[in-house]
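Please look at the sequence and the model, then go through the points by topic.

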Amino acid sequence: MENVTMEEQLVYDRPESMASVQTHYCPGCTHGVAHRLVAEVIDEMGIKDNMIGVASVGCSVFAYNYFDFDFVQAPHGRAPAMATGVKRVLPHRFVMTYQGDGDLASIGMGEIVAAAARGENITVIFLNNANYGMTGGQMAPTTLPGQKTSSSPGGRDVEVAGFPIRTAEMLATLDGAGYVVRRSLHDPKNIRMAKKSIRLAFETQKHGLGFSLVELLSTCPTNWGLTPVQALKWVEDAMIPYYPIGDYKVNPALKELKI
Amino acid sequence: MAKELMKGNVAIAEAAVRAGLNAYFGYPITPQTELLEYLSSRMPELGRTFLQAESELGAINMVYGAACTGARVMSSSSSPGVSLMMEGVSYIAGTELPVVLVDVMRGGPGLGNIAPAQADYNQIVHGGGHGDYHPIVLAPANIQEAIDLTYGAFDLAEKYRSIVVILADGSLGQLMEPAELPEMKPAIMRTPDWATYGSEGRERRFLTSIDLDPSQQEKTNFRLEHRWQEIKANEVQYKEYYLDDAEYAVVGFGTSGRIALSAVRAARAKGIKIGLFRPVSLAPYPEKELYELSKQLKGLLVVEMNAGQMLEDVLNITRSQIPVEFYGRMGGILPMPEEIEAEIDRMVNDPTETDGHPRDRWLARFGKMN
């Protein structure tokens with residue numbers, strides 16, 4: 001037999017920007033993927049020690065336990081205002097919020113619109129899973145027409161509950177927005193696209209190009225009553241047709257960037 | 001430094017600037033708007049942060065974020081706006097952050113009007129936001145005092161990691177008086193061992209008000225309560241006027257205390273042995289001092305620009321050992337010195353019925369005006 005030297009080669013490890021703890025997220029939930037992408041980008045940019053994160057209220061309320069850099073935790077919906085306060089007194093630090101759709105697009109719609117309109121130089125990671133996950137799957141502003149939730153048991157009736165909000169498209173209309181895109185976390189190709197966008201969002205902030213937001217279509221298998229695999233399929237089949245993946249606002253200066 | 005003629009709102013703003021205010025976030029509302037307007041040019045001129053928020057919700061949460069970094073921060077508003085800030089105030093208290101908030105009170109409830117009132121006493125002094133917490137509350141009665149209290153409020157907030165509220169009213173915000181401004185300090189950005197300003201060269205930190213473990217949350221609650229005991233022991237402020245030989249006293253804070261002083265002087269001129277006790281710190285309240293004073297009195301009159309909110313505290317403190325009367329004006333109306341003088345005369349010369357609650361007697365006497 002030939003003598004083979006076994007040399008261990010590390011091909012996959014925890015990003016430095018992620019704390020070495022177990023998360024509380026449900027099996028099959030894409031929060032973990034989103035966290036990892038953000039952490040990888042922060043590692044690659046070498047900005048971990050210059051970061052201040054703002055956690056929101058919802059499933060990601062404990063994000064500060066999972067990211068290994070300075071963090072504060074905002075009242076429900078107010079993360080963009082809190083991030084504004086941090087960024088205005090520390091303009092050379094990187095500031096990000098991490099918010100879900102109930103937090104950002106319902107109770108916090110005022111704060112996010114105002115922050116985008118001001119061109120607040122912060123980065124927003126926005127997870128859209130079409131329901132309120134933390135409280136057990138109630139109807140959110142992003143819940144699709146006809147979608148059954150614990151507070152729309154007969155399916156969302158748009159005659160009564162109105163229509164879902166396409167947040168990225170709406171915020172992209174504001175002049176203060178530098179980079180606003182929607183991506184999805186349902187398959188490897190889209191996850192890679194999402195990571196590139198998260199990088200561009202932080203580059204937007206780094207170059208002072210205004211407000212940046214990456215909307216990430218995400219799964220909530222527990223509250224959707226689906227298996228993790230079925231949930232990924234539902235994102236592709238039901239969510240993407242309503243919430244198209246796309247670049248809604250890209251500051252021209254970003255196109256010149258070589259990363 | 002020479003005295004200058006200054007409007008209350010502007011004086012408070014400039015006092016904060018001179019105290020090293022690093023960032024201000026606010027929203028326009030009468031009768032405090034001049035404070036925001038003044039800072040909109042003054043702060044950028046000094047290279048400091050001024051931002052007009054989208055709402056009082058936005059403003060208090062910007063203050064919340066900025067306070068997390070160790071910056072000296074402040075917001076200001078008036079009654080309805082302060083109601084809207086209560087969510088953030090509770091979170092700030094729960095996160096144990098130093099913040100200064102100015103409330104220039106106006107008539108209410110609801111939208112009310114823009115005239116001076118003191119009806120936020122309960123909301124500010126006894127909480128307002130959810131949960132157990134205690135803000136330090138300071139009530140100036142003139143512009144010099146407003147300047148001095150604002151100037152010292154930041155040190156106080158930082159010493160105890162506490163919210164300090166300057167509780168003024170529309171009259172104090174709008175009137176002009178000569179006053180002296182303190183020395184200018186540069187913008188203050190501290191790096192205390194809890195602040196989150198980027199983790200370079202140290203372990204990362206986080207600031208939050210959530211604790212899902214009730215036993216841990218209770219520890220936080222106990223810590224806050226013990227800190228409050230320390231504040232109560234060290235930070236009581238009050239003013240006494242003509243009390244040495246007094247047989248009667250008026251208790252009033254802020255503008256109503258100031259107006260009562262005129263009535264007390266007029267009563268003294270008539271030979272009535274009366275003085276004024278004016279709490280400056282409404283929280284912590286000068287409980288011991290008022291109780292000791294009450295022992296020498298035959299009667300006490302509480303005057304407020306509300307329906308007797310501080311009255312309840314005075315009744316608790318004096319433990320029903322002496323007769324207490326109440327006189328209040330509401331809805332944005334200031335009590336006139338003559339009205340208070342008449343109440344003093346009645347208390348001294350005609351102490352008839354003292355059964356029941358002082359508020360009920362006051363309502364019986366004055367409630368028929370409609």
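How many residues of strand 3 of chain A are buried? In strand 3 of chain A, 7 of the 7 residues are buried, so this strand is largely enclosed by the rest of the structure. Buried means under 20% relative accessible area, exposed means over 50%, and partly exposed is in between (1.4 Å probe, protein chains only). Helices (H or I, at least four residues) and strands (E, at least two) are DSSP runs, numbered from the N terminus.

This is a predicted model, in which local features need pLDDT of at least 70 and side-chain atom pairs count only at pLDDT 80 or more, while totals for chains, interfaces and linings use all residues. Residues are numbered from 1 along each chain as its sequence is written, chains are lettered from A and ligands numbered from 1 in the order in which they are written, and side-chain values use heavy atoms, with hydrogens and water left out.

**Chain A as a whole**

- Chain A has 11 helices and 7 strands.
- The radius of gyration of chain A is 18 Å, close to the 18 Å that the globule rule gives for 259 residues, so chain A is as compact as a globular protein of that length. The radius is taken over C-alpha atoms, and the globule rule is 2.2 Å times the number of residues to the power 0.38.
- The C-alpha trace of chain A spans about 70 × 50 × 30 Å along its principal axes.
- Of the 259 residues in chain A, 56% are buried.
- Chain A exposes about 10900 Å², and 54% of this comes from carbon and sulfur atoms. Accessible areas come from the Shrake-Rupley method with a 1.4 Å probe; for residues, only the protein chains shown count as cover.
- Among contacts in chain A between residues at least 6 apart in sequence, 69% join residues at least 24 apart. Contact means heavy atoms within 4.5 Å.

- An open sheet of 8 strands has the order 7(A)-5(A)-6(A)-4(A)-3(A)-1(A)-2(A)-9(B), and its pairing is mixed. Strand 7 (246-250) of chain A and strand 9 (206-207) of chain B stand at the edges with a single partner strand each, so one side of each has no neighbour in the sheet.
- Two strands pair if DSSP finds at least two bridges between them. Strand 5 (residues 177-184) and strand 6 (residues 211-217) of chain A run parallel and are joined by 7 bridges. A:V180 has A:L213 in strand 6 of chain A as its bridge partner.
- Helix 8 (residues 188-206) of chain A packs on the sheet and touches strand 1 (51-55), strand 3 (94-100), strand 4 (123-128), strand 5 and strand 6 of chain A. The direction of helix 8 makes about 165 degrees with that of strand 5 of chain A. Axes are lines fitted to C-alpha atoms, for helices over the stretch in contact, and angles run from 0 to 180 degrees between N-to-C directions.

**Strand 3 of chain A**

- In a regular strand the side chains alternate between the two faces of the sheet.
- From strand 3 of chain A, A:F94, A:M96, A:Y98 and A:G100 point one way, A:V95, A:T97 and A:Q99 point the other way, and all are buried.
- Strand 3 of chain A pairs with strand 1 of chain A in the parallel sense over 5 bridges, and A:M51 stands opposite A:F94.
- Strand 3 of chain A also pairs with strand 4 of chain A in the parallel sense over 5 bridges, and A:G100 stands opposite A:L127.

**Contact between the chains**

- The contact takes 35 residues from chain A and 34 residues from chain B.
- About 2600 Å² is buried between the two chains, with carbon and sulfur atoms giving 59%. Buried area is the accessible area (1.4 Å probe) that two parts lose on being put together, summed over both.
- B:E54, B:N61 and B:R204 supply 20% of the area that chain B buries against chain A, more than any other three residues.

**Local features of chain B**

- Most residues other than glycine have a negative phi, and most peptide bonds are trans.
- The peptide bond from B:T30 to B:P31 is cis, with omega near 5 degrees; B:P31 lies in the loop between strand 2 (23-26) and helix 2 (33-45) of chain B.
- B:E96 has a positive phi, near 60 degrees, and is buried, with a relative accessible area of 5%.
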